[in-house]
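This briefing is meant for a reader meeting the structure for the first time. Please look over the sequence and the model before going on.

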Amino acid sequence: MPTANMDLKFLTIDAARTAVQERKTTAQALAEAHYARIQQEDGQIGAFLTLSKERALEQADRMDRMAAEGKTLPALGGVPVGIKDVMSTRGVRTTAGSKILENYIPPYDGTAVARLEAAGAVVLGKMNCDEFAMGSSNENSAYHPVHNPRDLSRVPGGSSGGSAAAVAADMAVVTLGSDTGGSIRQPASFCGVVGLMPTYGRVSRYGLIAFASSLDHIGPLAKTVKDSAIVLRTIAGRDPMDSTSADVAVPDYVGELDKPVRGMKLGVAKEYFSEGLDDEVRQAVEAAIDKLKALGCDVVPVSLPHTPYAIPTYYLIATAEASSNLARYDGVRYSRRARGVNTLSEMYRRSRDEGLGAEVKRRIMLGTYALSAGYYDAYYLKAQKVRTLLTRDFDEAFRKVDAIVTPTSPTAAFRLGEKSNDPLAMYLADIYTVTADLAGIPGISVPCGETKEKLPIGLQILGKHFAESTILRVAHAYEQA
Amino acid sequence: MKVTDKDVVYVAELANLELTEEERAGMLRDLNSILEYVDRLDELDTSEVPPMAQVSDRYGRNEAKPGSARFAYASREDVVEGLRKSLAREEALANAPDADEEFFRAPKVIER
């Protein structure tokens with residue numbers, strides 16, 4: 001069984017946990033096999049920013065001792081995972097992909113990380129991402145870009161690019177990512193893995209480095225829909241440390257996966273198949289919808305008329321919230337301070353100037369402008385009102401259907417450098433994903449074929465608030481068919 | 001052009017950012033191109049639409065309760081160390097670029 005050269009390709013959560021439980025391998029060997037894989041592959045991919053080997057091997061040892069004593073392992077016992085570097089990990093450097101947090105070592109664990117570890121997961125390290133999760137290609141990481149494992153000349157998507165690439169390249173069984181405008185689903189689509197953004201409030205954000213608080217979500221990236229369900233079950237639920245976490249019961253997502261989808265109503269909105277959608281992506285998604293029909297789902301047209309306004313709405317709200325959240329990087333408590341500063345204001349400005357990258361500054365500027373006197377009503381308030389309209393679109397559609405199916409992204413993975421000089425073109429990569437963040441509804445991206453150039457394509461399934469079971473079920477049925 | 005160079009300087013000051021001349025020029029270009037795109041929101045009449053600040057306005061509320069008690073799920077008792085112990089002082093200071101044994105150190109706040 002598992003050695004350094006073992007085939008990690010089909011290693012799912014259950015396969016890993018069962019192998020450790022039944023002593024066919026050890027959690028230590030599994031962790032070492034993944035580190036060997038990282039050693040071999042990650043030089044050209046760049047998915048990891050920090051390895052937490054000591055912590056991983058201690059946890060692995062704990063799981064191995066449990067297995068040796070014949071105790072039942074928890075849901076992720078011995079399973080190697082990666083954590084996006086925007087989530088605090090006690091004693092393990094957490095940079096958010098930014099130079100301003102280059103040396104930051106959190107004194108506590110975020111709730112999602114703590115819950116994963118309490119369920120036996122082995123944290124291999126921290127995943128590369130766009131700086132403060134701001135980006136759609138991972139090129140905004142202050143450390144190094146991530147390359148798409150399927151084609152190294154292409155981006156893995158963003159901002160959870162490292163999280164997606166690591167799963168795609170078998171350097172972790174599952175990873176955690178965060179999604180503010182599509183940052184879990186879009187990279188999952190680009191790398192050919194499953195990415196789940198739960199309902200707003202479903203998973204505690206305690207310990208998540210804030211980007212836009214009314215839009216930030218934590219969720220899993222995995223090889224299978226079932227693995228996503230297992231991770232969600234583990235990390236979901238009310239947490240008193242996050243007042244926005246919802247007091248809503250957590251169902252048995254895994255147990256409900258195999259319920260039939262026959263008779264389920266799936267909505268298709270023409271607004272998600274309009275100009276800008278690549279032909280190959282359209283064909284693959286239409287074929288996926290046909291497959292769901294063949295499984296007995298009823299496909300119903302729905303209308304989401306405000307969709308063309310989602311990107312401008314998103315970029316006003318997200319940047320306004322970011323400009324406020326990122327004010328904390330002041331060079332005093334935990335962020336890097338510029339050398340040789342004499343006054344307080346000089347310290348703020350120079351520390352932020354040196355520590356923050358171009359896209360982060362651009363968004364802070366846009367957000368500050370949108371909130372500033374004289375522009376608040378025209379920009380920020382206007383965007384909040386349009387957010388209501390976008391949310392009502394979904395309310396209306398979900399009166400008729402159980403879920404909505406769309407492409408995850410208008411194109412497959414683009415080339416590194418292709419959009420990095422045009423912020424607006426980059427923002428448009430999120431056109432099909434930002435709507436769910438704005439409405440707070442859950443969405444999942446599941447692989448649905450490839451382009452002629454062998455680049456993965458993603459099918460997005462959106463559901464009602466707290467209806468993760470429904471979208472997981474549809475995704476699972478599609479994946480298994 | 002909606003945004004002028006003067007606006008960029010002013011907003012940078014509000015945001016505590018120091019921008020080089022080159023950065024300022026790029027910012028001017030990018031902000032104008034993004035805001036021009038954003039202007040399409042004006043096509044929508046939102047005079048009767050309430051703003052949406054939070055998704056959690058939409059769940060968890062107990063409408064049977066009066067006032068802020070509707071949001072009881074999001075509150076806790078007001079007690080010292082109600083959810084967790086405070087960080088030990090040395091832990092809280094450990095990431096500071098400059099600190100003594102008790103305090104964060106920063107340049108003088110009042111400039112004369």
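The structure is a predicted model. Chain A has 15 helices and 11 strands, whereas chain B has 3 helices and 0 strands. Of the 481 residues in chain A, 64% are buried; of the 112 residues of chain B, 14% count as buried.

**Overall form of the chains**

- The C-alpha trace of chain A spans about 65 × 60 × 45 Å along its principal axes.
- A compact globule of 481 residues would have a radius of gyration near 23 Å, and the 21 Å of chain A agrees with this.
- Taking contacts in chain A between residues at least 6 apart in sequence, 76% join residues at least 24 apart.
- The elements of chain B follow the order α-α-α from the N terminus on.

**The sheet of chain A**

- An open sheet is formed by 11 strands of chain A, in the order E1-E3-E2-E4-E6-E5-E10-E11-E9-E7-E8, with mixed pairing.
- Strand E1 (48–51) and strand E8 (298–302) of chain A are at the edges; each has a single partner strand, so one side of each lacks a neighbour in the sheet.
- From one strand to the next, the twist averages 30 degrees.
- Helix H3 (residues 53–68) of chain A packs on the sheet, where H3 touches E1 and strand E3 (122–127) of chain A. The direction of H3 makes about 160 degrees with that of E3(A).
- E9(A) and E11(A) pair in the antiparallel sense over 5 bridges, and Pro407(A) stands opposite Leu459(A) in E11(A).

**Strand E2 of chain A**

- The pairing of E2(A) with E3(A) is parallel and runs over 5 bridges.
- Lys84(A) has Met127(A) in E3(A) as its bridge partner.

**Helix H15 of chain A**

- H15(A) consists of the 13 residues 468–480; at 1.5 Å a residue they should span 18 Å, and the end C-alpha atoms are 18 Å apart, which agrees.
- The helix H15(A) is mostly covered, with 11 of its 13 residues buried.
- The buried residues of H15(A) include Glu468(A), Arg473(A), His476(A) and Tyr478(A).
- Both helices and strands are among what covers the buried residues of H15(A): helix H7 (225–235), helix H8 (279–294), strand E9 (403–407), strand E10 (443–450) and strand E11 (456–463) of chain A.

**Helix H11 of chain A**

- At 1.5 Å a residue, the 14 residues of H11(A) should span 20 Å; its end C-alpha atoms lie 20 Å apart, in agreement.
- Of the 14 residues in H11(A), 12 are buried. Among them are Lys361(A), Arg362(A), Arg363(A), Gly367(A) and Tyr369(A).
- The cover over the buried residues of H11(A) includes parts of both chains: H9, H12 and H13 of chain A, together with helix H1 (5–14) and helix H2 (21–38) of chain B.

**Arg337 of chain A**

- Arg337(A) lies in the loop between H9 and H10 of chain A.
- Why does Arg337(A) count as buried? It has 21 C-beta neighbours inside 10 Å, and a residue is buried if 20 or more lie within that distance.
- Leaving aside residues up to four places away in sequence, Arg337(A) touches Gly331(A), Met347(A) and Ser351(A) in chain A, and Pro97(B) and Asp98(B) in chain B.
- Ala222(A) is 115 residues from Arg337(A) along the chain, and their C-alpha atoms are separated by 37 Å.

**Contact between the chains**

- The contact takes 58 residues from chain A and 46 residues from chain B.
- On the side of chain A that touches chain B, at least two residues each come from helix H9 (310–325), helix H10 (344–355), helix H11 (358–371), helix H12 (376–397) and helix H13 (423–427) of chain A.
- H12(A) supplies the largest share of that side, 11 residues.
- The residues on this side of chain A divide into 29 nonpolar, 16 polar and 13 charged.

Note on methods. Residues numbered from 1 in each chain as written. Chains lettered and ligands numbered in written order. Predicted model: local features only at pLDDT ≥ 70, side-chain atom pairs only at ≥ 80, totals over all residues. Helix = DSSP H or I, 4+ residues; strand = E, 2+ residues; numbered from the N terminus. Expected span 1.5 Å × (residues − 1). Contact = placed C-beta atoms within 7 Å. Nonpolar A, V, L, I, M, F, W, Y, C, P; charged D, E, K, R; others polar. Pairing = 2+ DSSP bridges. Axes fitted to C-alpha atoms, helices over the stretch in contact; angles between N-to-C directions. Rg over C-alpha atoms; globule rule 2.2 N^0.38 Å.
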